[in-house]
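Please look through this structure with the briefing below in hand.

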Amino acid sequence: MNPFISIMLLSTLILSTMIVTISSHWLFAWIGLEMNMMAIIPIMMKKPTPRATEASTKYFLTQATASALLMLAIIINLMYSSQWTIMKLFNPTASILMTMALAIKLGLAPFHFWVPEVTQGIPLTTGLILLTWQKLAPISILYQISPSINLHLMVTMSFLSILIGGWGGLNQTQLRKIMAYSSIAHMGWMTTILLYNPSLTMLNLLIYIIMTFTMFTLLAQNSTTTTLLLSQTWNTMPIMTTFTMLTLLSMGGLPPLTGFMPKWMIIQELTKNESLLLPTLMAITALLNLYFYMRLAYSTALTLFPSTNNMKMKWQFYPTKQMTLLPTAIVLSTMLLPLTPMFFILL
Amino acid sequence: MMMYIVFIMSVIFVISIVGVSSKPSPIYGGLGLIVSGAMGCGIVFSFGGSFLGLMMFLIYLGGMLVVFGYTAAMATEQYPEAWISNKVVLGGFLSGLVVEFLMVLYVLWGEKVSFVFEFNGLGDWVIYDVGESGVFSEEIMGIAALYSYGTWLVVVTGWSLFIGVVAIMEITRGN
């Protein structure tokens with residue numbers, strides 16, 4: 001793409017999320033979300049293959065529907081409260097509609113069907129933008145309307161997301177689809193705690209973004225998109241196998257890695273609010289996630305897959321791709337657990 | 001009399017919007033948009049917003065819809081689907097009308113809204129309870145405020161329209 005156009009589109013992407021997060025008028029938040037959708041569609045179609053066209057079309061249709069539902073909820077809220085300030089909603093219908101619209105935007109179950117298909121059809125770095133940056137704007141709106149969200153709807157959607165994110169990822173070999181299901185499950189964890197302690201939603205979002213960024217950057221190093229290609233990492237950069245395994249285990253939520261922190265905090269908050277069955281079931285279904293991460297770690301780091309002889313000498317060459325922020329991201333996504341008291345500042 | 005005209009216009013508005021959303025060929029969808037736009041402008045006129053109504057006729061119907069009509073005419077097929085040529089479109093149109101009618105019945109049953117059929121009370125001089133506005137017209141004041149207090153809104157909407165065009169060009173580039 002023409003670099004001028006690329007700069008304009010990326011800066012519009014950043015501007016739109018900033019508009020959504022800093023605005024106090026519902027109309028502006030809606031405008032920000034629409035700009036977000038419009039700016040990312042050409043980025044998704046950088047290589048105009050039919051696969052990318054299909055992914056962009058599916059993304060556009062789902063997000064446009066969600067924006068229309070959001071506008072309807074805003075207008076119903078206007079009807080019942082006669083003001084446009086972004087705060088808790090004043091009508092249960094508006095609240096339920098807005099929650100479902102934002103769930104479509106985030107990819108929460110039962111509106112999760114677009115996430116794997118869209119993530120699969122686009123290049124890896126665009127998938128990274130889709131799964132990390134695009135989550136910021138809807139979660140900021142959910143954070144602001146959190147006092148008025150219906151508990152039953154939210155907890156049902158988030159538990160279904162954790163379940164579907166875990167179960168759906170089991171039969172996948174394509175890494176982008178695995179990351180998509182991982183995103184669905186993490187969104188489920190994030191939105192569970194939204195009604196009890198929204199600061200933990202922000203904490204979980206932050207840690208999730210760091211871990212997903214690490215994972216995608218590791219994958220983009222060798223342009224690995226399937227498990228088979230991932231199993232050849234020991235040929236090209238052996239240290240990457242260790243990092244991939246640590247990041248995957250961190251995403252699965254194992255102590256003493258960073259990914260344990262949000263899960264631990266969320267379970268603690270839920271038990272403080274006297275709900276015991278929900279965190280138990282959430283912790284159990286998170287094991288499904290851990291299983292397919294372990295499978296990837298097994299084929300990457302714990303076994304040396306057979307390869308041809310000329311693959312075996314690739315480690316001798318210096319890597320040519322620029323590893324932007326990768327060491328920082330790896331350290332952040334594996335070693336942050338002792339700093340848990342630091343996140344007291346989020347409260 | 002005036003309220004009767006507004007009532008008729010809003011009915012035609014809803015019917016033509018349902019006609020657009022029952023997915024005929026784009027040419028016929030454009031026809032539905034023209035009719036609904038004109039009726040919407042009429043409703044805006046009757047509430048005293050003459051400037052905004054004329055603006056919509058000029059820019060929306062006379063600018064954007066004309067461009068849409070030309071591009072749809074360039075990309076049209078030999079036998080475009082009208083509302084009666086295809087059972088699917090006709091079924092969609094009729095079911096949309098039925099649902100709209102049911103919604104009207106539901107709103108009337110709730111007794112919060114009722115039809116006003118006696119138009120002979122005050123004739124044309126129906127009093128709208130919109131509050132004191134003094135000597136100026138609020139819609140022109142609103143447009144002036146858009147360009148003075150609402151500069152940021154103009155910037156954001158202008159930028160998002162520009163990005164819309166840039167996005168469309170990039171997507172349809174093809175290489």
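Buried means under 20% relative accessible area, exposed means over 50%, and partly exposed lies in between (1.4 Å probe, protein chains only). By that rule A:K272 is exposed, at 55% relative accessible area. This is a predicted model, where local features need pLDDT of at least 70 and side-chain atom pairs count only at pLDDT 80 or more, while totals for chains, interfaces and linings use all residues. Residues are numbered from 1 along each chain as its sequence is written, chains are lettered from A and ligands numbered from 1 in the order in which they are written, and side-chain values use heavy atoms, with hydrogens and water left out.

**Salt bridges**

- A salt bridge is a side-chain nitrogen of Lys or Arg within 4 Å of a carboxyl oxygen of Asp or Glu.
- The structure holds four of them over all chains.
- One joins A:E269 to A:K272, with the closest N and O atoms 3.1 Å apart.
- Both residues sit in helix α14 (residues 260-272) of chain A, three residues apart, or about one turn of the helix.
- Helices here are DSSP runs (H or I, at least four residues), numbered from the N terminus.
- A:E269 is buried, at 14% relative accessibility.

**A network in chain A**

- Salt bridges link A:E54, A:K58 and A:E117 in a network.
- A:E54 meets A:K58 at 2.7 Å, N to O.
- These two are about one helical turn apart, because they are four residues apart in helix α3 (residues 50-81) of chain A.
- A:K58 also meets A:E117, at 2.5 Å, N to O.
- This second pair links distant parts of the chain: A:K58 is in helix α3 of chain A, and A:E117 is 59 residues away in helix α5 (residues 114-121) of chain A.
- A:E54 is partly exposed at 41%, A:K58 at 27% and A:E117 at 36%.

**A buried valine**

- Is A:V20 buried or exposed? A:V20 is buried, with 0% relative accessibility.
- A:V20 belongs to helix α1 (residues 3-22) of chain A.
- Contact means heavy atoms within 4.5 Å.
- Leaving out residues up to four places away in sequence, A:V20 touches A:A29, A:G32, A:L33, A:A137, A:S140 and A:I141.
- A:P138 is 118 residues from A:V20 in sequence, yet their C-alpha atoms are 8.3 Å apart.

**Rings**

- Rings of Phe, Tyr and Trp (its six-membered ring) pair if their centres lie within 6.5 Å; planes under 30 degrees apart are stacked, over 60 edge-to-face, and the rest tilted.
- The count is six aromatic pairs over all chains.
- One of them is B:F45 with B:F57, a stacked pair at 6.3 Å centre to centre and 20° between the planes.
- B:F45 lies in helix α2 (residues 26-46) of chain B and B:F57 in helix α3 of chain B, so the pair ties together parts twelve residues apart in sequence.
- B:F45 is partly exposed at 33%, and B:F57 is partly exposed at 32%.
- In chain A, the charged end of A:K263 sits over the ring of A:W189, 5.2 Å from its centre.
- A charge sits over a ring if NZ of Lys or CZ of Arg is within 6 Å of the ring centre and within 35 degrees of the ring normal.

**A nonpolar patch on chain B**

- B:V44, B:F51, B:L52, B:M55, B:L58, B:I59, B:M64 and B:I140 make a nonpolar surface patch of about 680 Å².
- Patches use residues with over 30% relative accessible area and no salt bridge; like charges are joined within 9 Å, nonpolar side chains (Val, Leu, Ile, Met, Phe, Trp, Tyr) within 5 Å.
- Accessible areas come from the Shrake-Rupley method with a 1.4 Å probe; for residues, only the protein chains shown count as cover.
- Helix α3 (residues 50-74) of chain B gives the most to this patch, with six residues.
- B:M55 is found in that helix and is partly exposed, at 33%.
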